[in-house]
Amino acid sequence: MTTITIDAAGIHYTPLNKQIRQAVRDGASEIILKNVMGQRFIGDGLIGNVKITIHGVPGGDLGMFMKGPTIEVFGNADHAPGNTMDEGTIIIHGASGDATAHSMRGGKVFIRDDIGYRGGIHMKQYQDKRPVLIIGGTAKAFLGEYMAGGLVIMFRIQDEEPYAEMGLASGIHGGEIFIRGAVEEWTLGIGSSARPATSEDIDRIKSFISEFSQYYGIDPVKLMNSSYTRIAPVSARPFAGKYTWE
Amino acid sequence: MCGIIGVIDKQRELMDGSSIRDALSIMDERGSGEGAGYAAYGVYPDYADLYAIHVFYDNLVEPKAQVEDLLETWGMIEHDEEIPTFEQAGIPKIHTPWRYFFRPKTRLMQRSRTPDDEIVKHIVMEVNKSIKGALIFSSGKNIGVFKASGWPEEVADFYRVEKYEGYLWLAHNRYPTNTPGWWGGAHPFNLLNWSVVHNGEITSYGTNRRYIESFGYDCTMYTDTEVVAYLMDLLVRRHGLTQELAVRALAPPFWEEIERMPEDIQRLNTALRLTYGSAMMNGPFAIAVASPDSIVGFSDRIKLRPLVIGEHDNKVFISSEEAAIRTVDSAIKNIYMPKAGHPIVGRTVA
């Protein structure tokens, strides 16, 4: 167990990422980044089992293409944390920006608070790779847009009113979304359908509820006993016939 | 991609430009070094009742004589000087920035509710359209725009923005995508009291331009953002709309959303969409508009560009990235993302 601490104050993201990579090469098992202020691309393309703890506000594309590491952020994240991430875990103790978990292909992203527009846009899955995005707060419009695979779970811990943001899962053609509570009918985007989650559905997400509750020190009972709405594609080809004539 | 940072102090307490410089510079990646700029309100207290007219001159002979002739025709130049600049490696000084403190002869403009503003608007349009080698890029009272081609920190150091004190700052880091970068194309765009910064593309520019030109505004900057400054001037100063309603006209709700509104609000929104159909802006954008008593931020209706708001004590921040706000105010707690298309207004109370 070697822990390395890096003071990121005033450092551009390129030298910062070089220092992170060097620390991993030197065998660090934990890297603590202090005073992070808007540096983009932290941990991008990083491979291994390292744990990176971030204090501050990382910039966009946190953990992009990452394969294996765990990143825990004590602060908010900017746009697209987990962009095209392959494996590993991102845990944000705060909120995140637009396109959170953009095109994610594997691993898990946990956000304690709200996320911006287009969360989970074009998440995908292949064989045993199944990315998971878990949101404690709520999401702005176009959640799960063009989603091709994977799993999104949204708890809306502070909200009991039905979810009311437009373009929900617009263009979805794979994967599924669980939203705690009800969803307004008009929110559903092109090609998406909604139904109440069954107890079998909820059994499938229970391990993620436990994991989420553990990271943020929340009692899981309320989340376990809530009702959920399941959003899924109507078909695997929602735009068949839109751009071509068959 | 571009970067935006703006801040207003509701009690009009003055801030020097150093922290805004640092905040904009933290978003260097959002630009390409081809344009950056700062607008500051409250910077000319000694000439607060005069129009501060900033001009880029290609040389100080013919264009300068012509501009001064025009100013003397319409009013009086009470003071003028070169705007102090300080050599930066990355900024070839291809223009000389000059400033005039100008008092219009009110009686020369008949048939206007705001004759002085109308005279200055006329001069701005005339110079920018007809006088080769001169460009007016700032024309408000007690307002200064400082911009050039370069990176945020270079442009700030070129003008030494830390020497200016304003209660409202609006700054922009440009990444030009559709037209070349040049000094006049850097943001903020200013006309009279209005300053505008913008990230994105206004794909309805052609329609908006034809509409605004029919009211006597000439688009001369080779980029879409200037229409926003002119539209705000038309809708708020000349048509008397509130800033919130003007933003509703520029970025109205979808018809489906209007259908879900209560009846009276539905009527208002329908009327706005029908009246200002040609002012409606399409495409991806995040915009901040400043005037002497407010700052307004809004994005396009489906949120294709980033925008975050911060509030702390008397200050309201508008930015592309949270880190820029925290660079100015490390103790801020209330930072949030506004709903797409909805204006967030910070207004002075003093």
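Is Leu50(B) buried or exposed? Leu50(B) is buried, with 20 other C-beta atoms within 10 Å. The cut-offs: a residue is buried if 20 or more other C-beta atoms lie within 10 Å of its own, exposed if 12 or fewer, and partly exposed in between, with C-beta atoms placed from the backbone.

A note before moving on. This is a predicted model, in which local features need pLDDT of at least 70 and side-chain atom pairs count only at pLDDT 80 or more, while totals for chains, interfaces and linings use all residues. Residues are numbered from 1 along each chain as its sequence is written, and chains are lettered from A and ligands numbered from 1 in the order in which they are written.

**Stop 1: around Leu50(B).** Stay on Leu50(B). It sits in the loop between strand E3 (36-41) and strand E4 (51-57) of chain B. Helices (H or I, at least four residues) and strands (E, at least two) are DSSP runs, numbered from the N terminus. Now select Glu78(B), Phe101(B), Phe102(B), Arg103(B) and Lys141(B): Leu50(B) touches these, not counting residues up to four places away in sequence. Contact here is C-beta atoms, placed from the backbone, within 7 Å. Next, pick Lys64(B). It is 14 residues from Leu50(B) in sequence and 20 Å away in space, C-alpha to C-alpha.

**Stop 2: helix H5(B).** Select residues 205-213 of chain B. Asn208(B), Tyr211(B) and Ile212(B) are buried there. Look down the axis: the buried residues fall within an arc of 90°, so they line one face of H5(B). That arc is taken over the directions from the helix axis to the C-beta atoms. Gly206(B) and Arg210(B) are exposed, on the face turned away from the buried side.

**Stop 3: all of chain B.** Zoom out. Chain B has ten helices and 18 strands. Of its 350 residues, 52% are buried. Its C-alpha atoms fill a box of roughly 60 × 50 × 40 Å along the principal axes. Among contacts between residues at least 6 apart in sequence, 74% join residues at least 24 apart. Colour by pLDDT, the predictor's confidence in each residue, from 0 to 100. The chain B average is 96, and 100% of the residues score at least 70.

**Stop 4: the interface.** Show both chains. Here 14 residues of chain A are in contact with twelve residues of chain B. The chain A side has four nonpolar, six polar and four charged residues. Ala, Val, Leu, Ile, Met, Phe, Trp, Tyr, Cys and Pro count as nonpolar, Asp, Glu, Lys and Arg as charged, and the others, Gly among them, as polar. The model scores ipTM 0.95 and pTM 0.96.

Technical notes. Two residues are in contact if their C-beta atoms, placed from the backbone, lie within 7 Å.
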